[in-house]
Amino acid sequence: MTGMIFQTFDDKRECVAIYQDGKIYKKKPRHQLTKTWDYAESLKDNQIQYAKYYCGGKSLDEACPENLRGEWEAVKEKLEAFRRSVGEAKLNLREHCFFDLIPPHVLLNYGQIKNKICNHVFATQAKPENYDHMVDLVRVLTEIKNTKLNIDLTPLEGRRHEFKARQFLKKISNIEPYITYDMRGTKTGRLTSKAFPILTMDKEYRTILKPNNEWFLELDYNAAELRVMLGLLGGGQPNEDLHDWNLKNVFKNGGTREEAKKRVFAWLYNPESKDRLLNKEYDRDSVLQKYYNGSQVTTLWNRTIDSDDHHALNYIIQSTAADLFLRQMIKVWELLKDKESQIAFCLHDSLVIDLAEKDQVLVHEIKEEFANTELGTFKVNVFGGKNFGEMKRMNVR
């Protein structure tokens, strides 16, 4: 047999259990494994095909065909009952392998129905154009999801008299120190997060986050959305701060940097706003003509979004910026493979690396990899620090 469909039960690297041909193996079988439902860190074979991303990242529940609905619901009900009992026993699934807590006959039924759903998906769905990108992104997000955050609440101990700080400490103490991103959370492709509130945490509390290695290294695009606009128009990317560049080249030094920045964004996403100087440099009509058909936006990377005239440019730019950032994050992740350093987390268009001392020689290469995008070389601001609340600007050339 040259290839077989199989299933895993846990995405953590150390949790290896495989369902194949009616049996469960606690190590990888000799048969070639070719198709399964979803990625797990224990799977290293790049040739494996994942049904979940053939159907755009849907859940098993969403992908299950009607003829298998009854069988799936029965298995799902049993799994949910066991998950409830695990919770009542106060067992942390982050510290245990899921399959060790579930009776073998239930695991067999689970593996069997997953196989059937996968067979249905592979038989009815063509491989999407963005399949490889989705799988690469899942690899990155799974590694982040399974890496425990280093949280030190000491910096906030002296602020317990503050109501807001007290509420935050109470919230954090009841949340697992892991970040789970959802790549289907928004129509534009921007990530949302579950569990630890990395995307919404107040900046004044960021000092509680410390690296597992020696340093945090943060890479942040300068004026990312405006640079995306320039890239879509085929223009070059200025090496300097883009708002300074606009002040000098668009507004001929009329005003301040902050005034120039406000003027740009007050105009950019408001179709009713008219600005001859800005429209000459950032031709909104050309971008809309290329990526908007009057009812739908189709971005550079073929993300399709229903839209009206008022939101079309917003969707084009924000969605393209989100996908560009994720593609650059994947490139940095590939660069850090087999290194002690790894991606800690991301915040919109900012990427944070957990940097090991021995990998400091890679900082310039990491920055260059992040900067060199498909829409030109973006200016990248670099920051470093011993905790996420006290990051200092670095001059990396």
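A residue counts as buried when its relative accessible area is under 20%. By that rule 9 of the 9 residues of helix H8 are buried, so H8 is largely enclosed by the rest of the structure. The model described here is predicted.

**Helix H8 and what surrounds it**

- Helix H8 covers residues 224-232, and its buried residues are Ala224, Glu225, Leu226, Arg227, Val228, Met229, Leu230, Gly231 and Leu232.
- The elements that cover these buried residues include strand S11, helix H9, helix H10 (257-268), helix H11 (276-281), helix H12 (284-291) and helix H13.
- After H8 comes Gly234, which has a positive phi near 80°.

**H8 against H9**

- The axes of H8 and helix H9 (residues 242-249) come within 10 Å and cross at roughly 60°.
- On the H8 side the contact is made by Leu226, Arg227 and Leu230, and on the H9 side by Leu242, His243 and Asn246.
- Sorted by class, the contact of H8 with H9 has 3 nonpolar, 2 polar and 1 charged residues.

**H8 against H13**

- H8 and H13 pack with their axes 9 Å apart, at an angle of about 100°.
- Angles of 65 to 115 degrees count as roughly perpendicular, so H8 is roughly perpendicular to H13.
- From H8, the residues Glu225, Val228, Met229 and Leu232 meet Leu313, Ile316, Ile317, Gln318, Thr320 and Ala321 of H13.
- The contact of H8 with H13 is made up of 7 nonpolar, 2 polar and 1 charged residues.
- An α-helix has 3.6 residues a turn, so residues three or four places apart point the same way.

**Asn314 in H13**

- Helix H13 runs over residues 309-335 and contains Asn314.
- Apart from neighbours within four places in sequence, Asn314 is in contact with Tyr269 and Ser319.
- Asn314 and Glu66 are 248 residues apart along the chain, and their C-alpha atoms are separated by 38 Å.

- A pair of aromatic rings is described by the distance of the centres and the angle of the planes.
- The structure holds 11 aromatic pairs.
- One of them is the stacked pair of Tyr221 and Phe370, with 4.2 Å from centre to centre and 5° between the planes.
- This pair links distant parts of the chain, with Tyr221 in strand S11 (residues 215-221) and Phe370 in helix H14 (residues 363-371), 149 residues apart.
- Tyr221 is buried at a relative accessible area of 4%, and Phe370 is buried at 0%.
- Tyr221 also pairs with Phe378: the ring centres are 5.3 Å apart and the planes stand at 75°, so the pair is edge-to-face.
- Here too distant parts of the chain are linked, since Phe378 lies in the loop between strand S17 (376-377) and strand S18 (380-385), 157 residues from Tyr221.
- Both Tyr221 and Phe378 are buried.
- Tyr221, Phe325, Phe370 and Phe378 form one aromatic cluster.

**Charges over rings**

- Arg94 lies over the face of Tyr178, at 4.1 Å from the ring centre.
- Lys386 has its charged end over the ring of Trp215, 4.4 Å from the centre of that ring.

**Residues in loops**

- Gly56 sits in the loop between helix H1 (51-54) and helix H2 (60-63), and Gly56 is partly exposed, with a relative accessible area of 35%.
- Leaving out neighbours within four places in sequence, Gly56 is in contact with Met134 and Arg184.
- Gly56 and Arg393 are 337 residues apart in sequence and 39 Å apart in space, taken from C-alpha to C-alpha.
- Most residues other than glycine have a negative phi.
- Asn302 is not a glycine, yet Asn302 has a positive phi of about 60°.
- Asn302 lies in the loop between strand S12 (296-298) and strand S13 (304-306), and Asn302 is partly exposed at a relative accessible area of 47%.
- His348 is not a glycine and has a positive phi of about 60°.
- The loop that holds His348 runs between strand S14 (342-347) and strand S15 (350-355), and His348 counts as partly exposed at 40% relative accessibility.

Key:
Residues numbered from 1 in each chain as written. Predicted model: local features only at pLDDT ≥ 70, side-chain atom pairs only at ≥ 80, totals over all residues. Heavy atoms only, no water. Phe/Tyr/Trp six-rings, centres within 6.5 Å; stacked < 30°, edge-to-face > 60°. Helix = DSSP H or I, 4+ residues; strand = E, 2+ residues; numbered from the N terminus. Buried < 20%, exposed > 50% of the residue type's maximum accessible area, 1.4 Å probe, protein only. Lys NZ or Arg CZ within 6 Å of the ring centre and 35° of its normal. Axes fitted to C-alpha atoms, helices over the stretch in contact; angles between N-to-C directions. Contact = heavy atoms within 4.5 Å. Nonpolar A, V, L, I, M, F, W, Y, C, P; charged D, E, K, R; others polar. Parallel < 35°, antiparallel > 145°, perpendicular 65-115°, else oblique.
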